[in-house]
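Q: Hi, I have a structure open and would like to talk through some of its features with you. Could we begin with the pocket and then move on to the side chains?

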Amino acid sequence: MGADPLVRTALGGMGLAAYLSTRTVELVVHGDDLSRAVGVSFAAPEEALTEVLAILGAVAVRRGLGPTLLAAMTGRQGLPEGFSVL
């Protein structure tokens with residue numbers, strides 16, 4: 001497999017694969033936001049939703065929120081008011 005090309009961003013460079021993952025997060029999250037705002041149905045493709053949830057789960061762990069998210073995802077407890085991994 002070839003090298004991962006570097007993409008320049010406002011915050012510096014990142015590999016193309018990582019950059020495309022950030023775009024997937026944006027499309028899925030904001031697609032959901034827009035659908036709620038205008039009252040239409042939105043269902044992200046399973047592959048995209050799987051990727052986004054994996055990324056946001058990793059962000060939660062890095063921010064020390066993994067146990068809280070795990071407990072909520074397994075029905076052990078609800079999420080705190082205003083919970084966000086971002």
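Q: How do the residues of the lining of the largest pocket divide into nonpolar, polar and charged?
A: Keeping in mind that this is a predicted model, the lining of the largest pocket is made up of 16 nonpolar residues, two polar ones and one charged one.

Q: And which residues lie nearest its centre?
A: Val29, Val52, Leu53, Leu56 and Val85 are the ones nearest the centre of the largest pocket, which has 19 lining residues.

Q: Which helix gives the most to that lining?
A: That is α2, which contributes five residues to the lining of the largest pocket, while α1, α2 (46-62) and α3 (66-73) each supply at least two.

Q: What volume does the largest pocket have?
A: Its volume comes to about 500 Å³.

Q: Okay, new topic: how many salt bridges does a search of the whole structure find?
A: The search finds one salt bridge, and in it the side chains of Arg36 and Asp32 meet at 2.8 Å, taken from N to O.

Q: Where do those two sit relative to each other, Arg36 and Asp32?
A: Both belong to helix α1 (residues 16-38), and because they are four residues apart there, about one helical turn separates Arg36 from Asp32.

Q: Is Arg36 buried or exposed?
A: Arg36 has a relative accessibility of 63%, so it counts as exposed, the cut-off for that being over 50%.

Q: And what about Asp32, how does its relative accessible area come out?
A: Asp32 has a relative accessible area of 25%, and is therefore partly exposed.

How values were computed: Residues numbered from 1 in each chain as written. Predicted model: local features only at pLDDT ≥ 70, side-chain atom pairs only at ≥ 80, totals over all residues. Heavy atoms only, no water. Salt bridge = Lys/Arg side-chain N within 4 Å of Asp/Glu carboxyl O. Buried < 20%, exposed > 50% of the residue type's maximum accessible area, 1.4 Å probe, protein only. 1 Å grid on protein atoms, 1.4 Å probe; cavity = no way out; pocket = protein on both sides within 12 Å on 5 of 7 lines; lining within 4 Å. Points joined across faces, edges and corners; volume = space filled by probe spheres on them. Nonpolar A, V, L, I, M, F, W, Y, C, P; charged D, E, K, R; others polar.
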